[in-house]
Amino acid sequence: MLEGKLVRLRAPERGDLPVFVRWINDPEVTEFLQFEPPMSIEDEEIWFQHMVQSKDRTFAIETKDGRLIGNIGLMGLDLRNRKTEVGIMIGEKDMWSQGYGSDAMLVLLRYLFEEMNINRVGLYADVSNHRALRSYEKCGFSREGVVRQYRFKDGRYLDSVQMSMLQEEWMSSRP
Ligand SMILES: CC(C)(COP(=O)(O)OP(=O)(O)OC[C@H]1O[C@@H](n2cnc3c(N)ncnc32)[C@H](O)[C@@H]1OP(=O)(O)O)[C@@H](O)C(=O)NCCC(=O)NCCS
C-alpha cells in the first residue's frame, strides 16, 4: 500500500473491474483518454490478466476512507533506460478538482523515483485537457512541446502536450 496525503494506491482486485468498466463506458470520464468503448467485463478481465503478468502495473486509487475513485498506472516501463510513461483516471466525477489526482500522481512519482530508481517519467495530455495539464504542472512535470495530431477522435486529429519529469528534478524539489 502506498500512502499519500489524500489517497492510497493499492493493487487492483478482480472485484474492482465492474467499477472500472462503469468509468470506461462514461464518455465524460474518457473524453481525454484513449479507450474504445463500449467495453464489457470480459474485455476488462482480459486487460486484468495481461496487467497482472506485465511489468506495467496499475494501481487502484482509493480515498483514506476506502472509496475507490480511480486508477493510475505505468505504460511501457523500460528498465534498460530507466524510464516509463504513466496514465491516470479519476473515474468518480464528483471527486474531480479536489486534489485527489495530483496526490495520487505524487505517490506514484515517489515510488518510481525513490523505490524503483526510474530516471524519466513521461506522459501525454490533450492540449484541451486543462484540468490534467494543471494537475501535472502542480506535480512538477515540465512541458516538452506539442505533439501534432497525436490522436484521432470524433472525426478529427487532436494535438497533445508531451510532459516529463526527471529523477534529478524530483530529488531537488520533492514534496
Ligand atoms: C486529470 C485528473 C487525473 C486530475 O485529477 P483531479 O483530482 O481532478 O485534479 P486536481 O484537483 O489534483 O488538480 C486539478 C487542477 O486543475 C484545476 N482545473 C480544473 N478545471 C480546470 C480548467 N478547466 N482549466 C484550468 N484549470 C482547471 C483545478 O482547479 C486544480 O488546480 P488547483 O489545485 O490549482 O485549483 C482527473 O480530473 C481525471 O482523471 N480526469 C478524467 C480522465 C483524464 O483526463 N485523465 C488524464 C488524461 S491525460
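User: Which residues does A104 touch, not counting residues up to four places away in sequence?

Analyst: This is a predicted model, and touching here means C-beta atoms within 7 Å. A104 is among the residues with the most contacts inside the largest nonpolar core. Leaving out residues up to four places away in sequence, A104 touches G4, V7, L9, I61, G70, I72 and I88.

User: Which element gives the largest share of the largest nonpolar core?

Analyst: That core has 38 residues, and those with the most contacts inside it include L9, I61, I72, M105, L108 and L109. In soluble globular proteins, nonpolar side chains tend to be buried together. The largest share of this core is nine residues, and it comes from α3.

User: Which element gives the most residues to the shell around the ligand?

Analyst: The ligand is surrounded by 21 residues, with G101, S102, H130, A132 and R134 the closest. Two or more residues of the shell come from each of β5 (83-90), α3 (100-115) and α4 (130-139). The most, five residues, come from α4.

User: Do the buried residues of α1 lie on the same side or on opposite sides, and what arc do they cover?

Analyst: The buried residues of α1 (residues 17-24) are F20, V21, W23 and I24. They are on the same side of α1, because the arc they cover around the axis is only 160°.

User: Which exposed residues does the other face of α1 carry, and what covers its buried residues?

Analyst: The cover over the buried residues of α1 includes α2 (41-53), β4 (68-78) and β5. On the face turned away from the buried side, the exposed residues are P18 and R22.

User: What is the radius of gyration of the chain, and what does the globule rule give?

Analyst: The chain has five helices and eight strands, in the order β-β-α-α-β-β-β-α-β-α-β-β-α from the N terminus. For 175 residues the globule rule gives 16 Å, and the chain comes close to it, so it is as compact as a globular protein of that length. The radius of gyration is 16 Å.

User: What percentage of the residues of the chain count as buried?

Analyst: Buried means that 20 or more other C-beta atoms lie within 10 Å of a residue's own. Of the 175 residues of the chain, the share that counts as buried is 30%.

Methods. Residues are numbered from 1 along each chain as its sequence is written. This is a predicted model: local features need pLDDT of at least 70, side-chain atom pairs count only at pLDDT 80 or more; totals for chains, interfaces and linings use all residues. A residue is near a molecule or strand if its C-beta atom, placed from the backbone, lies within 6 Å of it. Helices (H or I, at least four residues) and strands (E, at least two) are DSSP runs, numbered from the N terminus. A nonpolar core is a set of buried Ala, Val, Leu, Ile, Met, Phe, Trp, Tyr and Cys residues joined through C-beta atoms within 7 Å. A residue is buried if 20 or more other C-beta atoms lie within 10 Å of its own, exposed if 12 or fewer, and partly exposed in between; C-beta atoms are placed from the backbone. Two residues are in contact if their C-beta atoms, placed from the backbone, lie within 7 Å. The radius of gyration is taken over C-alpha atoms; the globule rule is 2.2 Å times the number of residues to the power 0.38. The arc is that of the directions from the helix axis to the C-beta atoms.
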